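Here is a short note to read beside the structure. Please take the points in order.

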Amino acid sequence: MVAYGVVAVLGIQLGQKSRPLGIGEANGRLVLLGTTTSMAAASAYFLYILSTKFTGEFCPYCLASVLLSFSLFVSSIKGLGFQEVQKDVGIQLLIVLLVVSTLNNSYSDSQPTNTGSAMAEMEYFTTEITSESTPFAISLAKHLRSIGAKMYGAFWCSHCQEQKQMFGREAAKLLDYVECFPYGLKKGIYMIDACQEAKLEGFPTWVINGEVLSGEKKLSELAALSGFDMKEELTEAK
């Protein structure tokens, strides 16, 4: 918003014969070029993040901003003249490097670790499942694994432990469980790639037949969602 505001003010000033701000035309166009260069560089970086980190997502506002930023950049080059731009190409490159470096550092530092950023650092630990598994839970766990269903969780997540307790000790071992923080919860340590790629919104998260399901689920819900039929399983077993 600030950048667009600066461009708007400079554009108005440069279009007037008398300039209330007292800025010269040459200096004004150089400032305008520097501003639009930074906007174009930022837009290019954001477009890179959108295409690599949020694949499959469509953001019309982002694309509109990219188009507008580059249009303003091209317009400022035409207004200043190509020869003048060549004289200041070094400054432009410096601006691009500064913008991209700043945004990259900011993005890296702000990578989400879900609720981990608000929690104290923790070493990885395991929690014992104490409940016994029912025949239904064991059959369901085998079925979920057979169809490629996955449960994503974190060692510090109480809801994940409660979900495992629902299955019981034996059945929980049969689940295709993905631990998102196998190296503990510390500053600078993020979720493993498999969890980041799954675009989790919380823990636990189930992925069943391509459908992403957040939160604890009753065994009956998981059975219905995965197409598990206990009667059919018992018939086949016989």
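1. The side chains of E132 and R169 form a salt bridge, 3.1 Å from N to O. A salt bridge here is a side-chain nitrogen of Lys or Arg within 4 Å of a carboxyl oxygen of Asp or Glu. The pair links distant parts of the chain, 37 residues apart. E132 sits in the loop between α5 and α6, and R169 in helix α8 (residues 169–174). E132 is exposed at 54% relative accessible area, while R169 is partly exposed at 26%. Buried means under 20%, exposed over 50%, and partly exposed in between (1.4 Å probe, protein chains only). E132, R169 and E170 are linked in a network of salt bridges.

2. A word on the source. This is a predicted model: local features need pLDDT of at least 70, side-chain atom pairs count only at pLDDT 80 or more, and totals for chains, interfaces and linings use all residues. Residues are numbered from 1 along each chain as its sequence is written, and side-chain values use heavy atoms, with hydrogens and water left out.

3. The structure holds four salt bridges. One of them joins E123 and K186 at 3.0 Å, N to O. These two are 63 residues apart, E123 in the loop between α5 (89–109) and α6 (135–146), K186 in the loop between β2 (177–179) and α9 (193–197). E123 is exposed at 53%, and K186 is partly exposed at 31%.

4. D176 also forms a salt bridge with K150, with the closest N and O atoms 2.9 Å apart. D176 lies in the loop between α8 and β2 and K150 in strand β1 (residues 150–153), so the pair ties together parts 26 residues apart in sequence.

5. Now the fold. The chain has eleven helices and four strands. Helices (H or I, at least four residues) and strands (E, at least two) are DSSP runs, numbered from the N terminus. Strands β3 (residues 205–208) and β4 (residues 211–214) run antiparallel, joined by four bridges. Strands pair if DSSP finds at least two bridges between them. T205 stands opposite S214 in β4. Two residues lie between the strands of this hairpin, and N209 takes a positive phi near 55°.

6. UniProt, in an unreviewed entry, places "transmembrane region" at residues 30–51 and 58–77. Such annotations may be inferred rather than shown by experiment. Residues 30–51 are 100% helix, with end C-alpha atoms 31 Å apart. Residues 58–77 are 90% helix, with end C-alpha atoms 30 Å apart.
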